[in-house]
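Let's take a friendly walk through this structure, with a look at its surface and its charged pairs. Here it is.

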Amino acid sequence: MTEPEDAATARNGGGRGAFLVGSGILASRIAGLVRQSALSHYLGLGHAADAWNVAFSAPNFLQTMFGEGVLSASFIPVYSRLLARGEREEAERVAGATLTLLAIVTSVLVLLGILAAPLLVDVLAPGYAEDKQALIVRLVRIFFPGAALLALSAWALGVLNSHRRFFLSYAAPVMWNLTIIAALVLFGGRESQSSLTVYAAWASVAGSALQLLVQLPAVLTLLRGLRLSLGASNPHVATVRRNFAPVFFSRGVVQISAWIDRIIGSFLGVGAVAALGNAQTLYTLPVSLFGMAVSASELPEMSRAAADPEELATRLRARLRAGVSRISFFIVASTVAFLLLGDVIIAALLQSGEFQRADTRYVWGILAAASVGLLASTRGRLYASAFYALHDTRTPVRFSLVRVAFSVAVGAVAALWLPGALGVSNRWGAAGLTLASAVAGWVEYLLLRNALRARIGVTGADPDAARHAMRVWASALAAAGLALTVRGLIASWHPKPLAVVVLGVYGVLYFAFAAVLGVAEARAVWARVGRLASRR
């Protein structure tokens, strides 16, 4: 047995870990925004854009169901706990067995997915014509191997995160995005939109391989080589498998919900599915950048907590309160920006080429509806991580089932019936889908919070948390009001410089107002800025 990790190493968790995760995610998300901007420029919200979004969602279940979220719940708590106890060799055996099992299962599913592609497309896109479905089938068959590589990349992320090597694992998707962007730039304008999607799909597979390969040298160094096995008799591998099953089921239900949204979207007119994809790209930016950054960095630290129930509860409460505060500070600002300044953001990022002003307004409506649930989704990730640290994967599963059932039932009515009742175009049913998902996110979050409070006590719903919430909301709304005034004065400007000025005013004023009102996170930022300025 080797010595446990020392206290100096442990100090790398928490806030510094969240910063590293956030930095890596920021790099990959910026690349993702550039990718989405290029796709919108060349495809707009036309038939090829719909085909791309539907095709990518079909094999994406491999990444969703076997990727970071599932491994975070099943593999990281076991692997991190072994590292904390100094059982390095046993941890390496668990990592090798997890990779072996993941590779076998995803390989089988890739083969089945390629063979069953026509059936998948019949199910996922029943509202499309045959020629559009044929393109989707071709793209699905190309995407499947790449999705499996991304699932294996999530295993590498789990190893790196457990060793507190956060930046590389979350920055690695930059390679995937850049490869797709290169294909779009190289072939865009020279090929038809349908052919361009095929080239971009092959680039996606190449990018998936690069995303895995850039992480492998660091992973192999940490593992001191790979010990591939099935781990059939290993009790820790059995724990990973046991934890994996309920989370896999939970992710599967969520994936089915996403598929149902796209199935409904195929009946809402040309561009609805593509617009949902564009809105999702923007919506997931703060979810990943702030919610995932905090929850991903906290999970290994919470998993290292002592076995004593009272000490564990105390540690989890402290980390949850700090995590909720950090998440709220950034997510409230993002929510207000999407609601009141969303068209400014979308126009700057997507409005060019085939993507027109009317498309900007359409995507804004979908994004604004989704943003209602932004705070719940990000907090929910953190609370789910606390349950995973407690080796309880079943409670989040039960609540995810409630969320999905609510989202599907309400979303179908809001998408297919509500537009007609309101006398608007059917395509606005896409906003009904995202609004239903947002409300469902709040239902799931409240269930998670209440269940965790019953386990470990108050986790953040105290007077201090309420005051913090009031201050950040007041700061965001005041800053947005002044930013909208500035926007009215420069409304004739090109979308990109207009966004720089308007969003710059919003961001600076938000931090300033929050600091004046005593929000600790804002004051810390201004203090850091002051220190940097004094060094010059």
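Leu477 is partly exposed, with a relative accessible area of 48% (buried means under 20%, exposed over 50%, partly exposed in between, with a 1.4 Å probe and protein chains only). Leu477 sits in helix H21 (helices are DSSP runs of H or I, at least four residues, numbered from the N terminus). This is a predicted model, in which local features need pLDDT of at least 70 and side-chain atom pairs count only at pLDDT 80 or more, while totals for chains, interfaces and linings use all residues. Residues are numbered from 1 along each chain as its sequence is written, and side-chain values use heavy atoms, leaving out hydrogens and water.

Leu477 also belongs to a nonpolar surface patch of about 590 Å², along with Leu339, Leu340, Val372, Leu435, Val439, Trp473 and Leu484 (patch residues have over 30% relative accessible area and no salt bridge, with nonpolar side chains joined within 5 Å). H21 gives the most to this patch, with 3 residues.

Now for the charges: the whole structure holds 7 salt bridges (a side-chain nitrogen of Lys or Arg within 4 Å of a carboxyl oxygen of Asp or Glu). Three of them are listed here.

| Pair | N to O distance |
|---|---|
| Lys132 and Asp50 | 3.0 Å |
| Glu90 and Arg93 | 2.8 Å |
| Arg357 and Asp343 | 3.5 Å |

Arg357 lies in helix H16 and Asp343 in helix H15, so their pair ties together parts 14 residues apart in sequence. Salt bridges with shared partners join Asp343, Arg357 and Arg487 into one network. Asp343 counts as buried at 2% relative accessibility, whereas Arg357 is partly exposed at 33%.

Technical notes. Patch = residues over 30% accessible without salt bridge, like charges linked within 9 Å, V, L, I, M, F, W, Y side chains within 5 Å. Areas by Shrake-Rupley, 256 points an atom, 1.4 Å probe, with all protein chains shown as cover. Helix = DSSP H or I, 4+ residues; strand = E, 2+ residues; numbered from the N terminus.
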